[in-house]
Amino acid sequence: MEKIAAMHEHRIHDHEEASLSLRVKALEQILVAKGLVDPDALDAFVELFENKIGPRNGAAVVARAWVDPAFKARLLNDGPSAIAELGYGGLQGENLVILENTPQTHNVIVCTLCSCYPWPVLGLPPRWYKSAPYRSRVVKEPRKVLAEFGTNLDADKKIRVWDSSAEIRYMVLPERPADTDTMSEDRLAALVTRDGMIGVTIL
Amino acid sequence: MNGPHDLGGRDGFGPIVREKDEPVFHAEWEKRMFGIAATLPFSVPFADDHLRREIERIPPADYLNASYYELWYKSITSILRERNVIAPDDFDTPKTLTLHPLCQAAIRPEAVAAAVFAGASTRAGQAVIPQTLAVGDKVRVLNNHPLHHTRVPQYIRGRTGRVIADHGVFNFPDTNSQDRGDCPQHCYTVEFESTEVWGDQADKTVTVTVDLWESYMQRVSKN
């Protein structure tokens, strides 16, 4: 019985997907016909966010901050100018603030009202970040949420949850892992994860 | 409005479900929907404030059951109807519909990368609402429940916190979303103790910070 219900639900989902797919296609055709959307420009946006603008950008920023104290100081003081040095910036990062994790304080970001996220450094957000469970819970019980991500912080470590409710966008600068003193900037960047820069994990 | 989008502190949604090796887009139509939403503001006059406003108006049961880009589809089509770009009942647009006078030609593909890099900040030059707050001030969030779009989460209304940053002047979503002007004013980061927001049982090592415009708050005491 449960199996039949699951199959039924699956079929409804497939039907909804197919219907949405058709409706979005119709919408695009109308907007193209009216000269309000150029399909090649649409492709260009998708291409940028699918292949160029993603968490590897943020990882490069973090690695640079770890090896270059002067860059780190600039990054913490003026996020947009500092990431522009590495060729990053723009939409949803115009007012970027970097939050430094320290032995005393852990930072984690969320948008409880929608899906605000620092696109130039992290790309588009994963589904869980935009989901009701994450948005509802992380402001109220961050320690439990972090534990679900496998992050168990000391009970006395301070946690600051940053709700991106206006046009400021946040990215976490994770603590540099131990025993990485001799590593090159490239190898350090490879250690940095998207979840670490959201603040749900530590590195 | 106190819509279904305002999720901070709600219970009952269960564990956070993650996807291994998640792709940026899950279907071709999601790419097209993202692309439409990204290109359209260059030709049709609307901003993120309008996109959010229309998402928040989706009935709660529909909102919670919809996928992310489905919300975008519903919001964008609603804005396009409001702007007379598509007909009210369906997509079969009669020639008699006049386009919003501020509509422009589509952004060209060769202009996209520069436009993405340039961004579209809502930072404004000068505030029309006088600045009354400073870093260090203790503030109380006004307990207002407007029916229009606003960026004050319910969980901090009426709560007291401390201003920890002044980000300068930004256009005001509450008025802009209603096409009633930019009403630029200072925007601050305010930090709230977890116990102030969630009660005595809350974890005392936790704080929540929220970014709030000047007119959302009143000063309790000076730094």
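## Ground rules

Residues are numbered from 1 along each chain as its sequence is written, while chains are lettered from A and ligands numbered from 1 in the order in which they are written. Because the model is predicted, local features need pLDDT of at least 70 and side-chain atom pairs count only at pLDDT 80 or more, whereas totals for chains, interfaces and linings use all residues.

## Chain B at a glance

Let's start with chain B, which has seven helices and five strands. Helices here are DSSP runs of H or I with at least four residues, strands are runs of E with at least two, and both are numbered from the N terminus. Along the sequence, the pattern reads α-α-α-α-α-β-β-α-β-α-β-β. The C-alpha trace of chain B spans about 60 × 45 × 35 Å along its principal axes.

Of the 223 residues in chain B, 40% are buried. A residue is buried if 20 or more other C-beta atoms lie within 10 Å of its own, exposed if 12 or fewer, and partly exposed in between, with the C-beta atoms placed from the backbone. Take the contacts in chain B between residues at least 6 apart in sequence: 68% of them join residues at least 24 apart. Two residues are in contact if their C-beta atoms, placed from the backbone, lie within 7 Å.

## Helix H4 of chain B and what follows

H4(B) has 15 residues and reaches 22 Å from its first C-alpha to its last, close to the 21 Å expected at 1.5 Å a residue. That expected span is 1.5 Å times one less than the number of residues. Buried residues in H4(B) include B:Tyr69, B:Leu71, B:Trp72, B:Tyr73, B:Ile76 and B:Leu80, and B:Glu70 is also buried there.

After H4(B) comes B:Asn84, with a positive phi near 60 degrees. B:Pro88 sits in the loop between H4 and H5 of chain B. B:Pro88 counts as exposed because it has 8 C-beta neighbours inside 10 Å. From C-alpha to C-alpha, B:Pro88 is 9.5 Å from B:Thr77, and the two are 11 residues apart in sequence.

## Where the chains meet

The contact between the chains takes 72 residues from chain B and 67 residues from chain A. On the side of chain B that touches chain A, the elements giving two or more residues are H1 (28-39), H4 (68-82), H5 (112-118), strand S2 (160-170) and strand S4 (206-213). H1(B) supplies the largest share, nine residues. By type, this side of chain B divides into 42 nonpolar, 16 polar and 14 charged residues. Nonpolar means Ala, Val, Leu, Ile, Met, Phe, Trp, Tyr, Cys and Pro, charged means Asp, Glu, Lys and Arg, and the others, Gly among them, are polar.

Strands link up here too. Strand S3 (residues 158-163) of chain A and S4(B) pair in the parallel sense over five bridges; strands pair if DSSP finds at least two bridges between them. A:Val161 stands opposite B:Val208, and A:Asp163 has B:Val210 as its bridge partner.

## Strands inside chain A

S3(A) also pairs with S2(A), in the parallel sense over six bridges. Here A:Ile109 stands opposite A:Trp162, and the bridge partner of A:Asn107 is A:Arg160. Five of the six residues of S3(A) are buried, so this strand is largely enclosed by the rest of the structure. S2(A), residues 105-110, is mostly covered as well, with five of its six residues buried.

In soluble globular proteins, nonpolar side chains tend to be buried together.

Not counting residues up to four places away in sequence, A:Val62 touches A:Leu173, A:Pro174, A:Val192 and A:Met197. A:Met197 is found in helix H11 (residues 194-198) of chain A. A:Met197 is buried because 27 other C-beta atoms lie within 10 Å. Beyond its neighbours within four places in sequence, A:Met197 has contacts that include A:Pro55, A:Gly58 and A:Leu122. A:Met197 and A:Pro55 are 142 residues apart along the chain, yet their C-alpha atoms are separated by 8.4 Å.
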